[in-house]
Amino acid sequence: RLNSPNPVQVITSLPKPVIPKRIITKPEPSGNSIGAGDLQHVHFQTFRLPGELGAFLGELDHNKTCFALTGDSGAGKSWFSFEIARLFITGMGFSVKYFSLEEGVGKLTQEKVAAYGLGNELNLAGTGSLEDVRKAAKEYPMVVVDSFTSLDTKVTEFERLRTDFPNTLFLLIFQKTTAGNMRGGSSIKYNSSATINVIKRDGQRIAIMEKGRYGTIGWEYSITNKQVIKTDDPN
């Protein structure tokens, strides 16, 4: 065969592949989904609050925002929650519903209100259930609960609040166990928008941004001196 090759070779050409034309269709509207193309044209409104505390909290939005505030007993969690509430009242014009379930509404509450110069923009309740919190979430742009454990409800309700009321900002206080862990489990820390740990150090009450999506992880804020004292990210 090598000595007498066939001089005539028949080559059969292969048909060209047919590439289907991309057809762009307009997606059906849906309440819980969006096309990636449409997402590029959505404007998400973010905001920053004034002052040192505003810088500590970072660039915020209104999408399922929930601050989980924890810390040792006597570190100043409740006082700090009033300071944060005041910032949203003065900086954003919010009205705030505050559930003071740990200590109720009494003389100590009166001292906090006076210390921060708060008026009727802050509405206080000394008792309340999960249903009361959910009702308040429909009426107020911000709801504070001190503490979430006092609601005597399942931890899963924490995520339901964020999902059912995505435009309401929550500040929920969580006590610590004797082992020093956040009561309610690690899911609280990872599901929250930001987790702030309040400690005592060198005679100061200090808030540490342990976890967050607003660009200030690792920051520290002196509650005592009302100023940011650390801004670098340890990661």
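Modeller: Start in a loop. Lysine 64 lies between strand E2 (60–61) and strand E3 (66–71). Helices (H or I, at least four residues) and strands (E, at least two) are DSSP runs, numbered from the N terminus. This is a predicted model, where local features need pLDDT of at least 70, side-chain atom pairs count only at pLDDT 80 or more, and totals for chains, interfaces and linings use all residues. Residues are numbered from 1 along each chain as its sequence is written, and side-chain values use heavy atoms, with hydrogens and water left out.

Colleague: What is phi of lysine 64 near?

Modeller: Phi of lysine 64 is near 55°, which is a positive value in a residue other than glycine. Lysine 64 is partly exposed, at a relative accessible area of 25%. Buried means under 20% relative accessible area, exposed means over 50%, and partly exposed is in between (1.4 Å probe, protein chains only).

Colleague: What about the peptide bond from aspartate 146 to serine 147, cis or trans?

Modeller: That bond from aspartate 146 to serine 147 is cis, with omega near 0°. Serine 147 sits in the loop between strand E6 (142–146) and helix H6 (156–164).

Colleague: Is serine 147 buried or exposed?

Modeller: Serine 147 is buried, with a relative accessible area of 0%. Skip its neighbours within four places in sequence, and serine 147 is in contact with Leu101, Glu102, Ile173 and Gln175. Contact means heavy atoms within 4.5 Å.

Colleague: And valine 145, where does that lie?

Modeller: Valine 145 is part of strand E6. Its relative accessibility is 1%, so valine 145 counts as buried. Not counting residues up to four places away in sequence, valine 145 touches several others, among them Phe99, Leu101, Val133 and Ile173. Glycine 128 is 17 residues from valine 145 along the chain, and their C-alpha atoms are separated by 9.4 Å.

Colleague: Now H6. Which of its residues are buried?

Modeller: In H6, the buried residues are Glu157, Phe158, Leu161 and Arg162. Seen down the axis of H6, they fall within an arc of 145°, so they line one face of the helix. The arc is that of the directions from the helix axis to the C-beta atoms.

Colleague: New topic. Where is threonine 195?

Modeller: Threonine 195 is in strand E8 (residues 194–201). Threonine 195 is buried, at a relative accessible area of 0%. Its side chain makes a polar contact with the side chain of serine 192, at 2.8 Å. A polar contact is a pair of N or O atoms within 3.5 Å; within protein, one must be able to donate a hydrogen and the other to accept it, and residues adjacent in sequence count only if both atoms are side-chain atoms.

Colleague: What else is threonine 195 in contact with?

Modeller: Leave aside its neighbours within four places in sequence, and the contacts of threonine 195 include Ala68, Met182, Ile208 and Met209. Methionine 209 is in strand E9 (residues 204–212). Methionine 209 counts as buried, with 1% relative accessibility. Methionine 209 and asparagine 197 are 12 residues apart in sequence, yet 6.6 Å apart in space, C-alpha to C-alpha.

Colleague: How much space lies in the largest pocket?

Modeller: About 200 Å³ lies in the largest pocket. Of its 13 lining residues, the closest to its centre are Ser73, Gly74, Gly76, Lys77 and Ser78. Helix H3 (residues 77–92) gives the most to that lining, with three residues. On a 1 Å grid over the protein atoms alone, a pocket is an open set of points where a 1.4 Å probe fits, with protein on both sides within 12 Å along at least five of seven lines; lining residues have an atom within 4 Å of a point. The volume is the space filled by probe spheres set on the points, which are joined across faces, edges and corners.

Colleague: Last one. How many helices and strands does the chain have?

Modeller: The chain has seven helices and 11 strands. Of its 235 residues, 40% count as buried.
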